[in-house]
Amino acid sequence: RSTAAYRCPKMDDAAAFQKLIQMFPVTLDGQPPRKKERLRVTGVHDRHCYNRWRAEQRKRRQQNIFDQYDRWLPTESQVTHSIEKMGWSTNTPAVSEVLQNCKLQTWRGLHIVDDPVKGKKVITSRLFQKGGVVCDYNSKVITKTAGEALMHNFFDGPKQKIGSREENHTCHPDMDTIGRHINHSNKKANIRPLKESFVIDEKTDIILFLAKREIAVGEELLYDYGVSRKSFNGEGQSLEWL
């Protein structure tokens, strides 16, 4: 075995993969390098590197389909049509994979940071265009009547934490999600909620936040909770940021 990969016993899977993608970058529409070409670089790590190359490409293809639906979560038929339109003959992501990726999407350009007054807040690290989807609110969607009953119990009955982790979320239940840290403002709100429905295993209602205007880098995300300083028996009177 005379290749550099075979002569380097200390090279592990990760190092071999990095060498492979330097010579054969992962692209959206490209084909993986042939085995003979790969072996010159990967040696005994070839199977790992080959599988990872294909996984990285499939991930890019999933993201490419997702990015085509900036304003909503796609349906199964829409994803099927988008995949067919791309013309991929091999390493094609399954429709279920794309839908699951949409469902578990990590929202880019958003960060939860500490705030000395509010505790936590969400700020942007990229530009958001007016009307574009910013993120979702990961919580169970309930009716107005159920919400009013929940608020009544919160103040007059046993204390409950609204939107707590104990709720039965259908999406990423164990994550500290972005939407649940967005603060309120009725004057400076830069996003608005929109209820959407999509189907993976069953019909699911979710809340998406859309940009009310162009949102610049470094801005805090804010939306109108529908409350004021006079709400909650006047407990918000001292909160200037309301």
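## Exercises on a predicted chain

Among contacts in the chain (heavy atoms within 4.5 Å) between residues at least 6 apart in sequence, 65% join residues at least 24 apart. The model is predicted, so local features need pLDDT of at least 70 and side-chain atom pairs count only at pLDDT 80 or more, while totals for chains, interfaces and linings use all residues. Residues are numbered from 1 along each chain as its sequence is written, and side-chain values use heavy atoms, with hydrogens and water left out.

**Exercise 1. Describe the chain by its secondary structure and its burial.**

Step 1: The secondary structure comes to 8 helices and 7 strands; helices (H or I, at least four residues) and strands (E, at least two) are DSSP runs, numbered from the N terminus.

Step 2: Of the 242 residues, 34% count as buried, where buried means under 20% relative accessible area, exposed over 50%, and partly exposed in between, with a 1.4 Å probe and protein chains only.

**Exercise 2. Work out how F209, Y223, Y225 and Y137 are linked through their rings.**

Step 1: The structure holds 3 aromatic pairs; rings of Phe, Tyr and Trp (its six-membered ring) pair if their centres lie within 6.5 Å, and planes under 30 degrees apart count as stacked, over 60 as edge-to-face and the rest as tilted.

Step 2: F209 and Y223 form a tilted pair, 4.6 Å centre to centre with 45° between the planes. Because F209 lies in strand 6 (residues 203-211) and Y223 in strand 7 (residues 222-223), this pair ties together parts that are 14 residues apart in sequence.

Step 3: Y223 and Y225 also form a tilted pair, with centres 4.9 Å apart and planes at 55°. Y223 counts as buried at 14% relative accessibility, whereas Y225 counts as partly exposed at 41%.

Step 4: Y137, which lies in strand 3 (residues 133-137), is in contact with residues including F209, and ring pairs link Y137, F209, Y223 and Y225 into a cluster.

**Exercise 3. Describe the surroundings of T124.**

Step 1: T124 lies in strand 2 (residues 119-124) and is buried, with a relative accessible area of 3%.

Step 2: Leaving aside neighbours within four places in sequence, T124 is in contact with several residues, among them G109, L110, A216 and L221.

Step 3: A polar atom of the T124 side chain lies 2.7 Å from the backbone oxygen of A216.

Key:
A polar contact is a pair of N or O atoms within 3.5 Å; within protein, one must be able to donate a hydrogen and the other to accept it, and residues adjacent in sequence count only if both atoms are side-chain atoms.
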